[in-house]
Amino acid sequence: MGTAQLLLRRASFLLTPSLLLRRNPVHSSLFQARAAMAADAASQFQKIQIQREDTTFDAYVVGKENAPGVVVLQEWWGVDYEVKNHAIHISQIGDGYRALIPDLYRGKVALEVAEAQHLMDGLDWQGAIKDIQASVKWLKENGSSKVGVTGYCMGGALAIASGVLVPEVDAVVAFYGTPSSELADPSKAQAPIQAHFGELDSFVGFADVTAAKSLEEKLKSTGVSHEVHI
């Protein structure tokens, strides 16, 4: 599971203090600092448009051309500074990767939990899978011989689903999220999957320990390489 193992080297980055400070509306100086960091991160990306069926969506690409590709999926907030920073770090792992973030919310970014919940509730999950497939194909058509998918929370669930539903995916690394049974059945996974969960996560049925262990049991029946870390 080469792609998965290399992505794991940056797993510790997910626990940086910036994650603990996010969405705090109290300090305007924090917002200003985050805005500056977001602008700096944005400057490193090439914005492209990807077409699938009868729709077009924006995506953000960073990293070496002709390197192995990684589709990086957003949390429920949208394509914000955090996910862009993750993509930048992923692109710098080892000899380098080409990371691509598809904009699943079509430009919308939430600043508060209620707004993020509203955006996620309104997401066309099947459409998001099609966005992911189009993103994987774009990377493969533009120099990446192998393409993995990684994601966080909502993106983690979608990453696992892509390992079931998108045959072009070569590996998946998911962080604290599992797909609903209506979206995808992990027991039918086609790609190697590595999944990470927090022992104290209380998101029942989605990212708690019970959900993680259920995922592991389903993956055991697939015959594909898999790892579930709690």
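A residue is called buried when its relative accessible area is under 20%, and by that criterion strand 5 is mostly covered, since six of its six residues are buried. The model described here is predicted. An open sheet of eight strands runs through the description below, with mixed pairing and the strand order 1-2-4-3-5-6-7-8.

**The sheet and its edges**

- Strand 1 (46-52) and strand 8 (226-229) stand at the edges of the sheet, and because each has a single partner strand, one side of each is left without a neighbour in the sheet.
- Averaged over this sheet, and with direction ignored, neighbouring strands are turned by 20° against each other.
- Strand 6 (residues 171-175) pairs with strand 7 (residues 193-196) in the parallel sense over four bridges, and within these two strands Val172 stands opposite Ile193 of strand 7.

**Strand 5 and its surroundings**

- Both faces of strand 5 are covered, with Val147, Val149 and Gly151 buried on one side and Gly148, Thr150 and Tyr152 buried on the other.
- Strand 5 pairs with strand 3 in the parallel sense over five bridges, and here Val72 stands opposite Thr150 of strand 5.
- Strand 5 also pairs with strand 6 in the parallel sense over five bridges, where the bridge partner of Tyr152 is Phe175 in strand 6.
- Strand 5, helix 7 (residues 154-165) and strand 6 together make a β-α-β unit, which is right-handed.

**Helices against the rest of the structure**

- Helix 6 (residues 125-141) lies across strand 1, strand 2 (55-63), strand 3 (69-73), strand 4 (98-102) and strand 5 (147-152), and the direction of helix 6 is at about 115° to strand 1.
- Helix 4 (residues 81-91) is largely enclosed by the rest of the structure, because eleven of its eleven residues are buried.
- The buried residues of helix 4 include Glu82, Lys84, Asn85, His86 and His89, as well as Tyr81, Val83, Ala87, Ile88, Ile90 and Ser91.

**Nonpolar cores**

- In soluble globular proteins, nonpolar side chains tend to be buried together.
- The largest nonpolar core holds 52 residues, and the members that touch the most other members are Ile50, Leu100, Val149, Met154 and Leu158.
- Leaving aside residues up to four places away in sequence, Leu158 touches Leu73, Leu104, Leu123, Trp125, Ala128, Ile129, Ile132 and Leu183.

**Two residues with positive phi**

- Most residues other than glycine have a negative phi.
- Asn66, although it is not a glycine, has a positive phi of about 65°, and its place is in the loop between strand 2 and strand 3.
- Because its relative accessibility is 59%, and exposed means over 50%, Asn66 counts as exposed.
- Tyr176 is not a glycine either, yet it has a positive phi of about 45°, and its place is in the loop between strand 6 and strand 7.
- With 24% relative accessibility, Tyr176 falls between the cut-offs of 20% and 50% and so counts as partly exposed.

Technical notes: Residues numbered from 1 in each chain as written. Predicted model: local features only at pLDDT ≥ 70, side-chain atom pairs only at ≥ 80, totals over all residues. Heavy atoms only, no water. Buried < 20%, exposed > 50% of the residue type's maximum accessible area, 1.4 Å probe, protein only. Pairing = 2+ DSSP bridges. Axes fitted to C-alpha atoms, helices over the stretch in contact; angles between N-to-C directions. Contact = heavy atoms within 4.5 Å. Right-handed = clockwise from strand over helix to strand, strands pointing away. Core = buried A, V, L, I, M, F, W, Y, C linked by side-chain atoms within 4.5 Å.
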